[in-house]
Amino acid sequence: PADIAAFVGQLLGGENPEKKKSLQGRRFVVTAGATIEAIDPVRFISNHSSGKMGYAIAGALAARGADVTLVSGRTALPTPAGVRRTDVLSAAEMYDAATAAFDRADGAVMCAAVADYTPDTVSETKIKKCGGEMCITLRRTRDIAAELGARKGSRLLVGFALETHDEQANAEAKLAKKNFDFIVLNSLRDAGAGFRGDTNKVTFIDRSGREELPLMPKSEVAERIADKIESLLK
């Protein structure tokens with residue numbers, strides 16, 4: 001029933017019929033969800049991302065007629081109507097899928113919570129408990145957003161920054177370093193923002209300034225992001 005309702009809503013253009021075809025002919029890559037970095041066949045390193053924000057963005061772009069490839073880490077979410085989904089687990093798999101899809105895209109929205117570090121070696125068998133401490137050596141993963149920023153040319157690239165302190169400074173540094181056109185900042189210090197919930201409180205930051213949005217459902221945040229993407233493409 002949810003798929004049927006979403007499909008009918010897409011056909012009708014939802015509450016904004018004029019936006020139904022506003023991104024028709026455009027191709028986007030959206031990354032979403034958490035990556036999983038294996039330690040052994042049983043254990044892994046990950047984070048709390050549910051993928052809800054990224055999935056909402058993919059659905060909002062598709063509802064406006066865009067051809068959307070959603071590169072998704074592990075989630076329990078259904079694929080948004082009209083979206084092509086590629087499932088991955090690790091940061092390395094997400095790197096490969098996102099960079100390949102970006103080659104034929106007009107832009108990308110980097111919403112996934114990608115691991116910055118991964119175990120240097122993965123045990124082929126379950127690591128057994130023994131006396132004393134255990135150390136896991138980690139190595140850096142490849143930076144997907146930085147790679148797309150280096151090769152984007154005139155294409156559009158949107159980033160996300162989830163911060164716990166020095167939010168504005170950290171987001172502005174990331175905006176410049178990754179060559180984003182704009183970045184969506186949210187803070188875990190804001191009630192109702194961050195992982196797992198259905199709401200978010202974000203600030204758009206670009207090289208001309210910032211726009212702070214109030215707390216709202218993630219579906220509405222996704223529509224505001226789609227609006228800004230449209231304005232930049234024009």
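Aromatic pairs come first: in this predicted model, the count comes to one. The table lists them.

| Arginine | Ring | Distance to ring centre |
|---|---|---|
| R142 | Y95 | 3.8 Å |
| R155 | F102 | 3.9 Å |

R155 lies over the face of F102.

**Helix α4**

Next comes helix α4, which spans residues 144-151. Which of its residues are buried? They are I144, A145, L148 and G149. Seen down the helix axis, these buried residues fall within an arc of 130°, so they line one face of α4. An α-helix has 3.6 residues a turn, so residues three or four places apart point the same way.

At the start of α4, D143 uses a side-chain oxygen. That oxygen comes within 3.2 Å of the backbone nitrogen of A145. A145 is also one of the buried residues of the helix. Just after α4 comes G153, with a positive phi of about 60°.

**Cysteines**

How many disulfides does the structure hold? The number is zero. Take C130, which is in no disulfide. The nearest cysteine sulfur belongs to C135, and it is 11 Å away. A disulfide needs the two sulfur atoms within 2.5 Å.

Are these cysteines buried or exposed? C130 has 58% relative accessibility, so it counts as exposed. C135 is exposed too, with a relative accessible area of 76%. The cut-off for exposed is over 50%.

**Residue S50**

Last, find S50. It is in the loop between strand β3 (44-45) and helix α2 (52-63). Is S50 buried or exposed? Its relative accessible area is 18%, so S50 is buried. Buried means under 20%.

The side chain of S50 reaches the backbone nitrogen of K52 at 3.3 Å. Leaving out residues up to four places away in sequence, S50 touches T75, L77 and R196.

Conventions
Residues numbered from 1 in each chain as written. Predicted model: local features only at pLDDT ≥ 70, side-chain atom pairs only at ≥ 80, totals over all residues. Heavy atoms only, no water. Buried < 20%, exposed > 50% of the residue type's maximum accessible area, 1.4 Å probe, protein only. Helix = DSSP H or I, 4+ residues; strand = E, 2+ residues; numbered from the N terminus. Arc of directions from axis to C-beta. Polar contact = N/O pair within 3.5 Å; in protein donor to acceptor, adjacent residues only side chain to side chain. Phe/Tyr/Trp six-rings, centres within 6.5 Å; stacked < 30°, edge-to-face > 60°. Lys NZ or Arg CZ within 6 Å of the ring centre and 35° of its normal. Contact = heavy atoms within 4.5 Å.
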